[in-house]
Each structure stands twice: as structure tokens, then as C-alpha cells.
Amino acid sequence: MRKFLFILTSIMMFTSCSLCGVDGTTEGVFIKKPLFFGKGGVEMDALTEGSEWKVFSTDFVTYTKVPVKYTEVFDDVFCNDNTPMDLSAHLTLQLVEGKSPILHSNYGFNWYDNVVKETFRKTVRNFISTYGMYTLTSDREVYDAIEIDIAEKLNTYFAKIGEDKEFPIRIVNVVVDKAKPNNSVMEELNKTATMAQAKLTEIKQQEVEDERKITERKRGLADKEYRLTMGMTSA
């Protein structure tokens, strides 16, 4: 009987186990969930290479340890002259190697959505709102300053939340694409540009006509002076 139970237990343990592995770009976290006894929770030693067996009651999640780019799209962000602008911003972040269990325990698997996304979006909107439309659409150098300021703000924010619970994420890069007015504003700008061009064309045509009249008048005066000099009559 004991032999049978031993064999049955061995079979259950073997069939309920699975092999978990990571590659060079990821590391893994084990989350223990014992059914009857034992301590559960996040295993604080990350699986950084190779593979390891786990029982069916233990969850396994992987985290990317190479830099990852997160893109946020903005529609109708108002600049300081109240023009609605469209743009995209890109935040590249990287996990501190070996710290995935801490990140998972403190902020969860969806840590970007939980603690970074809205702060990043708010920071981008705040900086865009300090510049005018023509600056944002024509001056690429202003984006260098914006990107530096956003990185500094986010670093300060990361340090602040890290005082309460460690946040093992570092900023690799911030890129903000050049903003452009939304479609309705672009239509109005195109209409304005068309009208301005038409006005310039009209002015240019008038200048040409005036120049033609002046030339003809000068030619007429020259003909008259020549006729008088030569003693000719009108006929």
C-alpha cells in the first residue's frame, strides 16, 4: 500500500511539474501559491539564465531586461496659444538586471500602466502647453530641451516612489516627435495659406500692370519729344 502511494505521489508530482526557462533578453519570477501548507508569495531570486522546474501551483512570469520603448499617442494637446496639436512621445525604459522579483512584488506585472503611463503623459502635455504652435511646428531644437526636461521630471518621480517601495527601472531615452496641428486646424491653415497666396498673386499682377502702364507712358512721352525735336506734326 505504501509503495502504491509512493508511486502515485511520484507520478502526480512529475506530471504536475513544468520546465520554465529564459533567454538572454528576459528573466523570470516565480510566484508560489501553495494549496495546503507552506509560505506563498514572490520568490526573490530571479531566474536570470537557463531553466528550472516548477510545480503546478506556482506561477512563472518573465520580464524583459533589455531596453523597451513605450509609445504614447496624443490627440488635441493644447499648446500655449490654445491650438490643438497631435504628436507621439516615446519613453525607453530598462529593468535593473536581477530586480524583476522586486518590481513584481512592489508594482505588479503591469507596472508601466500602474505607475508610469499617466505620469509620463501628464509630463509631456505640461511641457507642450508651454510653447506656441509655430515654435512646435518649426523649431526642432526646442524638442531637445523638452526631452531633457521630461527625463529629469520622470527621474525625480521614479526616485520619489522608490523611497517608499524600490522601483528598479531606469530611463534610457525620451523622444518626442514633432507636433502638428490637428486636421481641422490644418484645413483652416491651408485655407489661410491659399487666400494669402491668392492675395500675393493679385498684388503681383497689379504691380506688373502698373509697370506696363508706366512703361507705355514713358514710351509715349519719348515719342512726343522726338517728334517735337524733329519738327514733325502729329500726322
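**Confidence and make-up**

The mean pLDDT (the predictor's confidence in each residue, from 0 to 100) is 81 for the protein, and 74% of its residues reach 70 or more. This is a predicted model, in which local features need pLDDT of at least 70 and side-chain atom pairs count only at pLDDT 80 or more, while totals for chains, interfaces and linings use all residues. Residues are numbered from 1 along each chain as its sequence is written, and side-chain values use heavy atoms, with hydrogens and water left out.

Student: Which element has the lowest mean pLDDT?

Tutor: Helices (H or I, at least four residues) and strands (E, at least two) are DSSP runs, numbered from the N terminus. There are 6 helices and 9 strands in the protein. Strand β8 (residues 169-176) has the highest mean pLDDT, 97, and the lowest, 47, belongs to helix α1 (residues 2-15).

Student: Over residues 4-15, how many contacts are there beyond near neighbours in sequence?

Tutor: Contact means heavy atoms within 4.5 Å. The pLDDT is below 50 over residues 4-15, and the number of contacts in the model beyond near neighbours in sequence is 0.

Student: Is S100 buried or exposed?

Tutor: Buried means under 20% relative accessible area, exposed over 50%, and partly exposed in between (1.4 Å probe, protein chains only). S100 is found in helix α2, and helix α2 (residues 100-107) has 6 of its 8 residues buried. Not counting residues up to four places away in sequence, S100 touches E27, G28, V29, A46, Y63 and L95. Because its relative accessible area is 0%, S100 is buried.

Student: Why does the length of α3 agree with its number of residues?

Tutor: The expected span of a helix is 1.5 Å times one less than its number of residues. Helix α3 (residues 111-128) has 18 residues, so it should span 26 Å; the distance between its end C-alpha atoms agrees, at 25 Å.

Student: Where does α3 bend?

Tutor: The bend at a residue is the angle between axes fitted to the seven residues ending there and the seven starting there. In α3 this angle is about 40°, and the place is K117.

Student: Which residues touch the most other members of the largest nonpolar core?

Tutor: A nonpolar core is a set of buried Ala, Val, Leu, Ile, Met, Phe, Trp, Tyr and Cys residues joined through side-chain atoms within 4.5 Å. Among the buried residues of α3 are W111 and V116. Leaving aside neighbours within four places in sequence, the contacts of L91 include V116, F120 and I171. Of the 40 residues in the largest core, those touching the most other members are L91, L93, W111, V116, I150 and F167.

Student: Why does S138 count as exposed?

Tutor: S138 is found in helix α4 (residues 133-138). A polar atom of its side chain lies 2.3 Å from the backbone oxygen of Y134. S138 counts as exposed because its relative accessibility is 59%.

Student: What is the phi of D76?

Tutor: Most residues other than glycine have a negative phi. D76 is placed in strand β6 (residues 68-78) and counts as partly exposed because its relative accessibility is 39%. D76 is not a glycine, yet its phi is positive, near 60°.

Notes. Polar contact = N/O pair within 3.5 Å; in protein donor to acceptor, adjacent residues only side chain to side chain.
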